[in-house]
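Here are some notes to read alongside the structure, for anyone meeting it today. Please keep the view open and follow the points in order.

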Amino acid sequence: MRASSALRNAIRTPLIRFVGKRSVPQSVDHTPRAHPASPTGVLPDSFAAYRAKAQQHGPLGRASFTQGSVGRSPGASLGPIQPKEGQFFDRTELPARFHRTPYTAAEIEAIETGGASLFA
């Protein structure tokens, strides 16, 4: 007997059994409300007002995206990009104790053989 044809012909019965009849609520309140964890507890006046104040990798206001303003000035005019005190851009700038340790010959062999050399 082929199992795949037997499974295909079998009738699917769900494993979960629900008790009682389905009931849809008669009235659901869909009015917008502020999130319970909101710091102010109020909704913005409009989406445009929210977007004018929002920040995401820079201001989201329309003034910054008007025709011809993007790329008008070179990136060097933004000033030097230097990390703050105690911040680093790359791991190689950290003290030596935080650098990556080089692989040993045994580790390289284990990687190349998929770990089989550890048990051989």
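**Notes on the model**

1. Let us begin with confidence. The mean pLDDT of the protein is 79, and 78% of its residues reach 70 or more. Please keep in mind that this is a predicted model. Among the elements, helix α3 (residues 105–112) has the highest mean pLDDT, 92, while α1 has the lowest, 66.

2. Next, the overall layout. The protein has three helices and zero strands, and along the sequence the pattern reads α-α-α. Two of the helices, α1 (3–9) and α2 (47–53), have a loop between them, and several of the points below return to that loop.

3. How much of the protein is buried? Of the 120 residues, 3% are buried. The protein exposes about 12,400 Å², and carbon and sulfur atoms supply 58% of that area.

4. Ile16 sits in the loop between α1 and α2. Is Ile16 buried or exposed? Ile16 counts as exposed because its relative accessibility is 58%, and the cut-off for exposed is over 50%.

5. Now to charged side chains. Side chains of opposite charge can pair when their charged atoms come close. The structure holds one salt bridge. Its partners are Arg33 and Asp29, whose closest N and O atoms are 3.1 Å apart. Arg33 has a relative accessibility of 58%, so this residue counts as exposed.

6. His35 is another residue to look at in the loop between α1 and α2. A polar atom of the His35 side chain lies 2.9 Å from the backbone nitrogen of Ala37. With a relative accessibility of 56%, His35 counts as exposed.

7. Finally, please move along to the segment after α3, where Thr113 lies. Which backbone atom lies 2.9 Å from a polar atom of the Thr113 side chain? The backbone oxygen of Glu109 does. Thr113 has a relative accessible area of 34% and is therefore partly exposed, as this class runs between the 20% limit for buried and the 50% limit for exposed.

Notes
Residues numbered from 1 in each chain as written. Predicted model: local features only at pLDDT ≥ 70, side-chain atom pairs only at ≥ 80, totals over all residues. Heavy atoms only, no water. Helix = DSSP H or I, 4+ residues; strand = E, 2+ residues; numbered from the N terminus. Buried < 20%, exposed > 50% of the residue type's maximum accessible area, 1.4 Å probe, protein only. Areas by Shrake-Rupley, 256 points an atom, 1.4 Å probe, with all protein chains shown as cover. Salt bridge = Lys/Arg side-chain N within 4 Å of Asp/Glu carboxyl O. pLDDT = per-residue confidence, 0-100. Polar contact = N/O pair within 3.5 Å; in protein donor to acceptor, adjacent residues only side chain to side chain.
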